[in-house]
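Work through the exercises below with the sequence and the 3D view at hand, and try each task before reading its solution.

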Amino acid sequence: MELRQLRYFVTVVEEAGFTRAAARLHLAQPGLSAQIRQLERELGQQLLDRSGRTVTPTAAGAAVLPHARSALAAAERVRHTADEFTGLLRGHIRLGTISGAATEEFDLAAILADFHDDHPQVEITLTETSSDLMLDELERGALDIALVGLTGADLDPRVGREVVLETTLVAAVAAHEPDPPDALPLHALRDRPLICLVRGTGIRGVLERGCAAAGFTPNVAFEAAAPPLLLRLAARGLGTAVVPALTPEEAAAFGVRTIPIVEPELRGQLALAWRTDRLTAPAAKVLLGQLRIALARRKERPTGRD
């Protein structure tokens, strides 16, 4: 047997299917299936049950799985130890980020380009998607690092996180709306058509959890993937947008007025997240450190991100 076959087997188990495993491994599905069948022939045991809608390990596969993971971890330790003697970083880092995270203040492209210049042997893949999907992929081992919005819900204990930005959520209404209140109690949102980020984002999760605690379901009339469109919709009088805090200049530029949400105040958090129970490659540790430094520069600033 070969280490790559063990890696293929572990990935199929983690992805519960050949299609997603092949995509994660950048392989054609027939080739992946053939390698797994060859491994099963060599071991004389069927390792995977393919009869259901999802692929699951057989009893033999479940018994082999921890040993396969240990063998892969040992091989990585050998590689990392050798690399330490040459000062070489290599490998593959899988990074995820929320939509719209890259800004002039946080130039993700520049960070990744500088990292690549310093460590050309490291392959990086970047995925932009919602926070809940990234947290799921972290738990499954499909991502190494993710920049996510937190909802306040409990996370898998195997996921480490560091909050890099915290912001108050506010209600944004058209600047021409007559007699806006000085503050809006959360329960006052019950009767307003709301304009929100899509489900799966951190801010949407914070809003839904807050409304559930107040005893109602938010009436979401419009939703979008990033705050700028929410603000444009609010500026046209289509509803009340729930967004991160804006400066007066930013609000005026969008044609909105912001109102604090109180009783209770809602807060959004942006965090770096990673798995703590897996062997972390030196390359991933270095990139995580560089992301921390870059995000620390804007930690206290209002943000329009997830």
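**Exercise 1.** Decide whether E177 is buried, partly exposed or exposed, and find how its side chain is paired with that of R192.

*Solution.* E177 has a relative accessible area of 24%, so this residue is partly exposed, given that buried means under 20% relative accessible area, exposed over 50%, and partly exposed in between (1.4 Å probe, protein chains only). R192, with a relative accessible area of 19%, is buried. The side chains of E177 and R192 meet in a salt bridge (3.8 Å, N to O), a term for a side-chain nitrogen of Lys or Arg within 4 Å of a carboxyl oxygen of Asp or Glu. Because E177 lies in the loop between β6 and β7 (184-185) and R192 in the loop between β7 and β8 (194-197), the pair ties together parts that are 15 residues apart in sequence.

The model is predicted, so local features need pLDDT of at least 70 and side-chain atom pairs count only at pLDDT 80 or more, while totals for chains, interfaces and linings use all residues. Residues are numbered from 1 along each chain as its sequence is written, and side-chain values use heavy atoms, with hydrogens and water left out.

**Exercise 2.** Find which residues meet R140 in salt bridges, including one in another helix.

*Solution.* Begin with E15, whose side chain meets that of R140 at 2.5 Å, N to O; R140 is in helix α6 and E15 in helix α1 (residues 3-15), 125 residues apart. Both R140 and E15 are buried. Next, the side chains of D136 and R140 meet at 3.2 Å, N to O, and these two residues lie four residues apart in helix α6, about one turn of the helix.
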